[in-house]
Amino acid sequence: MFIQPTTLIEALEAKRQFGSAAAFLAGGTDLVVLINHGRMPARVFIDLSHIEGLSQIQCFAADQCADDPLTRDFDAAKVFVCGPTTTFAQLARLPVRALAEAARSVGGPQIRNRGTIAGNLATASPAGDGSTALLALDGRVEVQNLYGSRVIALREFFLDYRKTALAPDEMIVRVAFPATWLTGWRKLGKRGAMNISTVCCAVGISDSRRVHIAFGSVGPYPLRAEQTANYLTEALRGDPAAFGDPAVQKHAVELAQAEVRPIDDFRASADYRRAMSGTLLQKVMRQLAEELTPTTSAIV
Amino acid sequence: MKLHVRINGEARELEIAPGAVLGDVLRQLGLTGTKMGCREGHCGSCMVLVNGKPMNSCLLLAAKVEGAEITTIEGLGDVRNPHPIQEAFVEAGAVQCGFCTPGMIISTKALLDNEPHPSLERVREALSGNLCRCTGYAKIFDAVRIAEHKLAKASGNGKSTRRPHRP
Amino acid sequence: MSIVGKSITRIDAEEKVTGATRYGGDLYEKGMLHVKVLRAEHAFAEIVSIDTSAALALPGVCGVYTAKDVGGTNRHGLIRRDQPVLADTMVRYKGDPVAIVVAENDDVAREALRLIQVEYKPLKPIHTFEEALAPDAPKLHPEGNLMGGKRIRKGDAERALREECEIVVEDTIETQTVDHAFLDLESGCALYDGDMLTIWVSGQWVHEERRLVALALGLPVEKVRIIQPATGGAFGGREDLSIQCFVGLAALKHPGHKVYLRYSRAESMAARHKRHALRIHYTMGAKRDGRLVAAKVTVWSDEGAYASTGIAVMRKASSHCTGPYRVPHVWADVYGVHTNNNPTGAMRGFGAAQLAIAYEGMLDRLAQELGMDRVEIRRRNVLRHGEPITTNQIITEATAGECLDRALLQFAKGIDPSVGDDLAAAQRVWESRSYATRAPWLRRGYGVSVVCFGLGYGDAFPDAARARVRFNERNELEVYTGAVEVGQGLLTMVVQVAAEALGIEPERVRVFAADTHLTPEAGSSSATRQTYFTGSAVKLACDELRERLLDVAETYFGVHPFEIKISNGILTKVGDSGKRMEIDELLSEARRRGVSLETQALFKPRTIRERDEDGLSPRAFVTYLFGSHICQVLVDTETGEVRIERHIAAHDVGKAINPELVIGQIQGGVTQGIGMALMEEVIYGSDGRILNAGFTDYILPSVRDVPNIEAVIVEHEDPTGPFGAHGVGEPPLIGATPAVLGAIHDAIGVPIRRIPATPERVWRTIMQAKAEGKWQDVDPRWERDVKR
């Protein structure tokens, strides 16, 4: 069955009715591959493309955010709020480097025109580039069912391999992340375009200089590296030039390599992924060192 | 279910299954210029324009394009009356086995419709969703440049040799 | 020459750019029956029983067929007929077909596959050489798991390595399993009208496919007709039969109904043969001045489950084991081993590609040990005119060195355009090439390769092409050839050769190709042979017609025929353009006189079999092609990522009949070679399943992975080929892979032993170098050039 609701309520009603037999259909870039492989992922498709306003991006100043649990206390002067069907192509134009570069590295241009932010999060692929960048931004989602909504921090959103905190009747309706953080991104794959991550690394530094780090393809889902982030937050408090300090880089690399949980598969070995988690982090740190203390000369 | 679309300018009402993939639907209509090479969105042979935007028709449920305007390779021109981009691919020697060619031409059209004079990086970007196993891409770049000049000439000198953009 | 040497538009281009061309998958019509194939559940198992009753009972199923329903030998194979159409007693790889379903639609056919009950007795699958050759290993075939071998014994390599060589390098190099990955998936249809079985499926040799289908399905050869639809790439991947017998069998069982089959990408990869993965142990010995003395090579080849063209690949690998170099002492042993991996067979390069990686890699190791430049060591060893190649065949026109010079000139011109054709200046530019990069962990490297390729089947295998030509009533020249166009431009080549030979306009030539009942046998579109073979056959036939026409014209012009020129469809007397005659007029006159305007020709040069005892032959191949590449890379030594900055490929093609098509072949071949060097690899799971059977994970080079490949055409006319041409198909791939790998070696100082050189493998190689103390954190050349 193919349902084409024109309002969010209709979409949620349908999801309520059919539960896990139904799938929300946005860009379809993951879902239709399953159909093509003869694995019909759902009996009912709920097409979100006829609901207005689902791919809007808005920017709010901090003082506008205080009353909204989705956007308050972001440690940022401004916050972006995206609708669920915001595409990678839209994200690629945002002035948030980690997310924009992650979005630009997904698939080819046509995939980026279709693939959506909520689709990327809900698919919960361990290699999700967009999800990894959003984790480093400490982003949040608002999920809604017929009866109400709740906010989930992305750090609590991914539960296991392709498993999320979304209930069968819920839908991601908004995604929020800081607009003013300093961020960096580096991805490693096997070719120059249409590249699946072997490892990817995103770093976000909040307005008050708190560090957030996330990795893709080194665990059952995109991971945050809390200890490494804590260490770098401290280091940055002590020395604004810490990111350019080889000793700090070295220690951060070691911490990150201990925090990631990669496995061996045919795309790469766990060893390599572990090592590269550190290497990519170091590369992003070099890049960010330049911006934290512009006198440092860094080459990435 | 019923699907209403315009395909290459012609209004169509089609009976489709809810899970039908657009590329298959087009091919069943005899529009076999749209190729299917991987069904994973990687080869780009299935590229069509949906309301002017290039999309992998292998990753698009037909039901999603209700009311849309679809342009396939057949909608650009035919052997007797080819589109300037099609002529450019011939002139550049950008065609070998030809299986990727319709997709490459569709991606090129989408690019040049929006950016008549793209930089090399923009061309590379626009073609980065299309794989070619035969040519090594160099002559495809040449073809895009030739197409760019043909289209510029056609629109620049006032009396267009480029046929009006088919709706 | 007015047409040969011109880049005329390929004759199928307009149809291709407008989407009008019909490939196998485009032949579907409403009402056709759908065929689907059930494949093995295990990579290695005995079949105990097959129960098709549940599938047959499904509404919409028209038939389910297994081995017992196949009327003929149920076996095919290009060299040994060892591959079952449908497995009878045993399955030997995951792609082995077990049954086919014929149904009214695709969904029913798919569902019916699930209802076929096959009981297996699984055996432990064999994936490695060691497993295959273990004394207690189960046998894939009655004759055992060692499929065959080939040797070369020239001089006394072992003694020379011991006594004559002043320096010896030794290493093991492993190459990977590669998929052809043509974009046009195996697909097509068939019809049995009660008398004739007609099959519309793309292959590479319609006449051989007809023989194989007839034998396997039990039909007289003349009752099978194969017609080639448009073909979206082949690269060797269509040499073995693919779906011909499945649609053929289905059609035979349902007379009067057209049947249709189309693989998915996953099925295409699971079913098809692959490029051989080789393990090459190479010992190369030289004098201190870099002169090669001896090579000792042992090759283990993964033949997979069936023989395919493996024996021929082994022979090509051995006969090309020292490339275009002068090596007096050669010892080579090549062994083919059956495993439960996919069968391995033809792919562009055909064994010569893998060995080029080895001999060029060893030459780079030797240069490094000697502290010699990698261009210089090649110059010292490359064959000169009249010297013997690996198999002792004398190469009268050895142009490898010329190709190297031309590649070097192109390299230099990219840096300093004023170099022009000054080789000494080019050499200076080469010697001062820069290793400076933005950071010490980004390293640049330059690779050089010089390669050779023996054209055609060689080795005394019957190698021939026929062509038939006739002027029809509209005075068009009809050319009939059994050769197949797979994308390379064969049809256009035929037009140009015919038009040139007869002095007519290309527009006047109509080509009919690749239909067993309409066109004469031309051999396969493979082995880089069709320009040489079919080009020659077409030229011979046209030459005959031309002589007949000149005999007629002689009476009009009143001069000896050699004084009459035909060009662009007009006859003139040499030196007197006043008197002229239109070819249409001449053809009318010929008809009035009863002169036959139809003829055919056979081109069948001989080769001499490589002797079993030493692998040597005075003429293993009809002719040799040479080429040379230079590749420039940037390696991120922290991650192992490689970016190709420049790639130059110079190839002696004899004569470029259509330069644009030749350049296209070079650029495309190089790109496949880059794919093989850096990213392409079929990966098997422990159960024998291909883990990356799709384009998400079988990585082909994208537009961002190849530079603007600089193709250089070298023309050293081959008197034995049509208008001096020989061929171009395979050498560009063969040259590309070792040049890329050589460049990585140059950048990081240590060679990559196992390809593809994925970021992980490059990184591991660097890690190992660090562990062995062979690594400097900063390359001295980088320091030197950054300061410069």
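Predicted model: local features only at pLDDT ≥ 70, side-chain atom pairs only at ≥ 80, totals over all residues.

Student: What describes two packed helices?

Tutor: In general, the angle between their axes and the distance between the axes. Here, helix α9 (residues 246-259) of chain A and helix α10 (residues 270-292) of chain A have axes that come within 8 Å and cross at roughly 145°.

Student: Which residues of α9(A) and α10(A) meet?

Tutor: From α9(A), the residues are A:Gln249, A:Ala252, A:Val253, A:Glu254, A:Ala256 and A:Gln257. They meet A:Arg274, A:Ala275, A:Ser277, A:Gly278, A:Leu281, A:Gln282 and A:Met285 in α10(A). Sorted by class, this contact has 6 nonpolar, 5 polar and 2 charged residues.

Student: Does α10(A) or another element give the most to the side of chain A that touches chain C?

Tutor: The interface puts 17 residues of chain A in contact with 22 residues of chain C. On the chain A side, α10(A) gives the most, with 3 residues. That side divides into 9 nonpolar, 5 polar and 3 charged residues.

Student: Now sheets. In what order do the 5 strands of the open sheet in chain A stand?

Tutor: A general point comes before the case: in a regular strand the side chains alternate between the two faces of the sheet. The order in chain A is β4-β5-β10-β6-β7, with antiparallel pairing. The edge strands, β4 (57-61) and β7 (148-153), each pair on one side only. Neighbouring strands are turned by 25° against each other on average, direction ignored. Helix α1 (residues 8-18) of chain A packs on this sheet and touches β6 (140-145) and β10 (171-178), its direction making about 120° with that of β10(A).

Student: How many bridges join β4(A) to β5(A)?

Tutor: There are 5 bridges between β4(A) and strand β5 (residues 78-82) of chain A, and the two run antiparallel. As one pair, A:Cys59 has A:Phe80 in β5(A) as its bridge partner.

Student: Which strands make up the open sheet of 4 strands in chain A?

Tutor: Its order is β11-β12-β13-β14, again with antiparallel pairing. β11 (182-188) and β14 (223-224) of chain A have a single partner strand each, so one side of each is left without a neighbour in the sheet. Strand β12 (residues 199-205) is joined to strand β13 (residues 211-216) of chain A by 6 bridges, and A:Gly204 stands opposite A:His212 in β13(A). Helix α7 (residues 129-136) of chain A lies across β11, β12, β13 and β14, running at about 165° to β13(A).

Student: Is strand β1 of chain C mostly covered or mostly open?

Tutor: Covered: 6 of the 7 residues of β1 (residues 33-39) of chain C are buried. Its pairing is parallel with strand β14 (residues 259-262) of chain C, over 2 bridges, and antiparallel with strand β7 (residues 97-103) of chain C, over 6 bridges. C:His34 stands opposite C:Tyr260 in β14(C), while C:Val37 has C:Ile100 in β7(C) as its bridge partner.

Student: Which residues touch the most other members of the largest nonpolar core?

Tutor: Among them are C:Ile100, C:Val247, C:Ala250 and C:Val259, in a core of 416 residues. Helix α15 (residues 530-557) of chain C gives the most to this core, with 12 residues. C:Val259 touches residues including C:Val35, C:Val102, C:Val247 and C:Ala250. C:Val247 and C:Ala250 are buried residues of α7(C), a helix with 8 of its 10 residues buried.

How values were computed:
Residues numbered from 1 in each chain as written. Chains lettered and ligands numbered in written order. Axes fitted to C-alpha atoms, helices over the stretch in contact; angles between N-to-C directions. Contact = placed C-beta atoms within 7 Å. Nonpolar A, V, L, I, M, F, W, Y, C, P; charged D, E, K, R; others polar. Pairing = 2+ DSSP bridges. Buried ≥ 20, exposed ≤ 12 C-beta atoms within 10 Å, placed from the backbone. Core = buried A, V, L, I, M, F, W, Y, C linked by C-beta atoms within 7 Å. Lists of a residue's contacts leave out its neighbours within four places in sequence.
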